Amino acid sequence: MEGTVFTPSLEGMQHIRSPQGEMLTKPFLDVCKLILPVIDKFGTAMALVKRDIGRNTSRLEKKYQSDPFRYNFLYNMVKEEYECKSAKGSTSCTNGILWLTRAMDFIVELFHNLLAHPDWSVTDACTDAYGKTLRKFHGWIASSSFTVAMKLAPDRKKFMEVITCKGDVRADMEKFCLTFPPYLEENHKFLA
């Protein structure tokens with residue numbers, strides 16, 4: 001069976017943990033980046049989310065690349081910033097992990113909605129996912145920008161046709177929605 005647009009992310013998830021079970025920085029960031037081509041298929045409606053994911057993965061990759069051995073484990077960045085009392089800064093890696101995780105929560109919820117509610121439009125699926133994941137963290141301006149962007153969401157049928165070029169996309173979307181959330185939940189627990 002041929003791979004789907006989700007196949008690279010699903011394959012990447014197999015490498016997120018070290019043999020000891022710790023979250024590895026590069027594989028986690030790679031999975032987040034590998035979902036970007038799927039987000040691209042939403043067009044301009046997802047430009048804000050895509051930009052946020054890209055900005056946070058870039059910030060974290062830059063830190064990782066400064067010392068791959070030291071930052072091999074994702075939470076080493078947080079521990080270091082916590083000890084230096086810089087974890088709460090807006091440009092901290094801790095903040096980057098937090099917002100990247102929140103954005104990925106949104107993406108997972110969006111895909112879940114598309115699977116669970118075949119009668120919903122993409123706009124409905126996005127709006128519901130936003131309300132469940134990101135809205136509580138956004139101020140009025142960000143929330144309003146998101147509402148406007150959702151009006152640009154593609155037609156559901158066209159979107160599903162675009163992402164269903166090969167393989168069983170529904171099955172892989174479901175696997176993504178089942179497999180990725182435990183990593184995101186681990187991030188939330190650690191950051192709390």
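Arginine 102 lies over the face of phenylalanine 137, at 3.5 Å from the ring centre. Arginine 102 also lies over the face of tryptophan 99, in that case at 4.5 Å from the ring centre. The model described here is predicted. A search of the whole structure finds 10 aromatic pairs, and the largest nonpolar core has 58 residues.

**Aromatic pairs and cluster**

- Among the aromatic pairs is that of phenylalanine 6 and phenylalanine 111, whose ring centres are 5.0 Å apart; the planes stand at 80°, so the pair is edge-to-face.
- Phenylalanine 6 lies in the segment before helix H1 (7–13), whereas phenylalanine 111 belongs to helix H6 (residues 93–116), so the pair ties together parts that are 105 residues apart in sequence.
- Both phenylalanine 6 and phenylalanine 111 are buried.
- One aromatic cluster takes in Phe6 and Phe111 together with Phe28, Phe42, Phe159, Phe176, Phe180 and Tyr183.

**The nonpolar core**

- Within the largest nonpolar core, the residues with the most contacts are Phe28, Phe106, Phe111, Phe176 and Phe180.
- Helix H6 gives the most to this core, with 13 residues.
- Phenylalanine 176, leaving aside its neighbours within four places in sequence, is in contact with Phe6, Ser9, Leu10, Met13, Ile35, Met104, Ile107, Val108, Phe111 and Pro181.

**Helix H9**

- The buried residues of H9 are Arg156, Phe159, Met160 and Ile163.
- Seen down the axis of H9, these buried residues fall within an arc of 95°, so they line one face of the helix.
- As background, an α-helix has 3.6 residues a turn, so residues three or four places apart point the same way.
- Lys157 and Lys158, on the other side of H9, are exposed.
- The partners against which the buried residues of H9 pack are helix H3 (36–40), H6, helix H7 (122–133) and helix H10 (169–179).
- At the start of H9, the backbone nitrogen of lysine 157 has a side-chain oxygen of aspartate 155 within 3.2 Å.

- Lysine 151 is found in the loop that joins helix H8 (140–150) and helix H9 (156–163).
- With a relative accessible area of 64%, lysine 151 is above the 50% cut-off and therefore counts as exposed.
- Lysine 151 and serine 92 are 59 residues apart along the chain, and their C-alpha atoms are separated by 32 Å.

- Glutamate 80 has its place in helix H5 (residues 74–83).
- Glutamate 80 counts as buried because its relative accessibility of 17% is under the 20% cut-off.
- The side chain of glutamate 80 makes a polar contact with the side chain of arginine 70, at 2.7 Å.
- Apart from its neighbours within four places in sequence, glutamate 80 is in contact with Lys63, Arg70 and Tyr71.
- Lysine 85 is found in the loop between H5 and H6.
- Lysine 85 is exposed, with a relative accessible area of 76%.
- The phi of lysine 85 is positive, at about 60°, although this residue is not a glycine.
- In general, most residues other than glycine have a negative phi.

Conventions. Residues are numbered from 1 along each chain as its sequence is written. This is a predicted model: local features need pLDDT of at least 70, side-chain atom pairs count only at pLDDT 80 or more; totals for chains, interfaces and linings use all residues. Side-chain values use heavy atoms; hydrogens and water are left out. Helices (H or I, at least four residues) and strands (E, at least two) are DSSP runs, numbered from the N terminus. Buried means under 20% relative accessible area, exposed over 50%, partly exposed in between (1.4 Å probe, protein chains only). Rings of Phe, Tyr and Trp (its six-membered ring) pair if their centres lie within 6.5 Å; planes under 30 degrees apart count as stacked, over 60 as edge-to-face and the rest as tilted. A charge sits over a ring if NZ of Lys or CZ of Arg is within 6 Å of the ring centre and within 35 degrees of the ring normal. The arc is that of the directions from the helix axis to the C-beta atoms. Contact means heavy atoms within 4.5 Å. A polar contact is a pair of N or O atoms within 3.5 Å; within protein, one must be able to donate a hydrogen and the other to accept it, and residues adjacent in sequence count only if both atoms are side-chain atoms. A nonpolar core is a set of buried Ala, Val, Leu, Ile, Met, Phe, Trp, Tyr and Cys residues joined through side-chain atoms within 4.5 Å.
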